[in-house]
Amino acid sequence: MSGKARLTELMARGAALLGSEYAILGGAMSWVSERNLVAAMSNAGCFGVIACGAMTPALLDAEIAGTKALTSKPFGVNLITMHPDLFELIEVCAKHGVGHVVLAGGLPPGGAIEKIKASGAKVICFAPALALAKKLIRSGIDALVIEGMEAGGHIGPVTTSVLAQEILPVVAADLPVFVAGGIGRGEAIAGYLEMGAAGVQLGTRFVCATESIAHANFKKAFIRASARDAITSVQIDPRLPVIPVRALKNASSELFTAKQREVAQLLDEGKVEMGEAQLQIEHYWAGALRRAVIDGDVEHGSVMAGQSVGMVTKEEPLADIVETLIEEAAAALERRAA
Ligand SMILES: Cc1cc2nc3c(=O)[nH]c(=O)nc-3n(C[C@H](O)[C@H](O)[C@H](O)COP(=O)(O)O)c2cc1C
């Protein structure tokens, strides 16, 4: 069997779930994963996912309609579970007949999974640990993403390689599992598929696609950076648990320290509850990321990037990135079979 045929075989389950040619999910990236990148991703045979982030229901409505105008292929929507309008956002997805909703940012609130499933859509959730994966499977989800700390953006404490070894052997028979975090080349895709993954999810590798609307400065920062430049944010106050964020090293870490002090003081003074304090931190990140992605301020904004950023070396059409990944994966499988 050729490497390409073996790859198609290994990706069959994930591709069938997504309705795409390849079992490659475009990791939703706030501000970056909008209609242009998402449509390009789906048109290239992968599965694009709109990052709803902090969008209002009206904005999401327009983004889905805009994406539909650019592709006839299936795509999904990523919703953050702590969004105050989560249920309304689910209704917007249902209105458009979105086939797949990816829930990110912690365990979904009661009723969310049921509401998405009632609309006929499939539910994909993130599991940062085996126990949570099992709990989510019991609640009826259709697929899982396991994402390691090599990834860009908000991250958990465990590496992709360890999560893959802990979770794939136990749950891969029950439902399709997509592996994310630190994947920059096709050889790694082939490796995770052979370990039992149904597919993979990549974010960082797609940021510098020609179709990506990220500011030229943001793309330049990616092209210049190496793996060691993608570092994690630091928590300064033990009472205020903040989810670490991986981004390129720049002056913005001081701004984040100042923001944490400000929010911690509001907590001290009893002016905000913990939930509200955490939401303020999340809004901070959305604003800081916008500043870098849209305004191009890569010094004071947040240039969220994964460790695979060192493997991003130029701006090129998304279809070329996908072709490279597929060729590398197929060649790796061919070599192993020889
Ligand atoms: C700039 C950037 C923004 C991101 N924003 C989000 C987001 O809004 N929601 C989400 O679930 N994941 C977000 N992520 C994570 C990606 O969806 C994806 O899981 C991750 O990039 C995969 O790891 P990789 O960067 O090593 O490829 C973001 C990642 C990056 C690099």
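**Close-ups of a helix-and-sheet model**

**View 1. Helix H7 on the sheet.** Helix H7 (residues 160-171) lies across S6 and S8, running at about 175° to S8. Helices here are DSSP runs of H or I with at least four residues, strands are runs of E with at least two, and both are numbered from the N terminus. Angles run from 0 to 180 degrees between N-to-C directions, with axes fitted to C-alpha atoms, for helices over the stretch in contact. This is a predicted model, where local features need pLDDT of at least 70, side-chain atom pairs count only at pLDDT 80 or more, and totals for chains, interfaces and linings use all residues. Residue numbers start from 1 along each chain as its sequence is written.

**View 2. The open sheet.** Eight strands line up as S1-S9-S8-S6-S5-S4-S3-S2, with parallel pairing (a pair needs at least two DSSP bridges). Strand S1 (24-26) and strand S2 (49-51) sit at the edges with a single partner strand each, so one side of each has no neighbour in the sheet. From one strand to the next, the twist averages 25°.

View 3. S1 pairs with strand S9 (residues 199-202) in the parallel sense, over three bridges. Ile24 has Val200 of S9 as its bridge partner.

**View 4. H1 meets H12.** The axes of helix H1 (residues 3-18) and helix H12 (residues 318-337) come within 7 Å and cross at roughly 105°. That makes H1 roughly perpendicular to H12 (the label covers 65 to 115 degrees). Residues in contact (C-beta atoms, placed from the backbone, within 7 Å) include Leu7 of H1 and Leu333 of H12.

Notes. Parallel < 35°, antiparallel > 145°, perpendicular 65-115°, else oblique. Contact = placed C-beta atoms within 7 Å.
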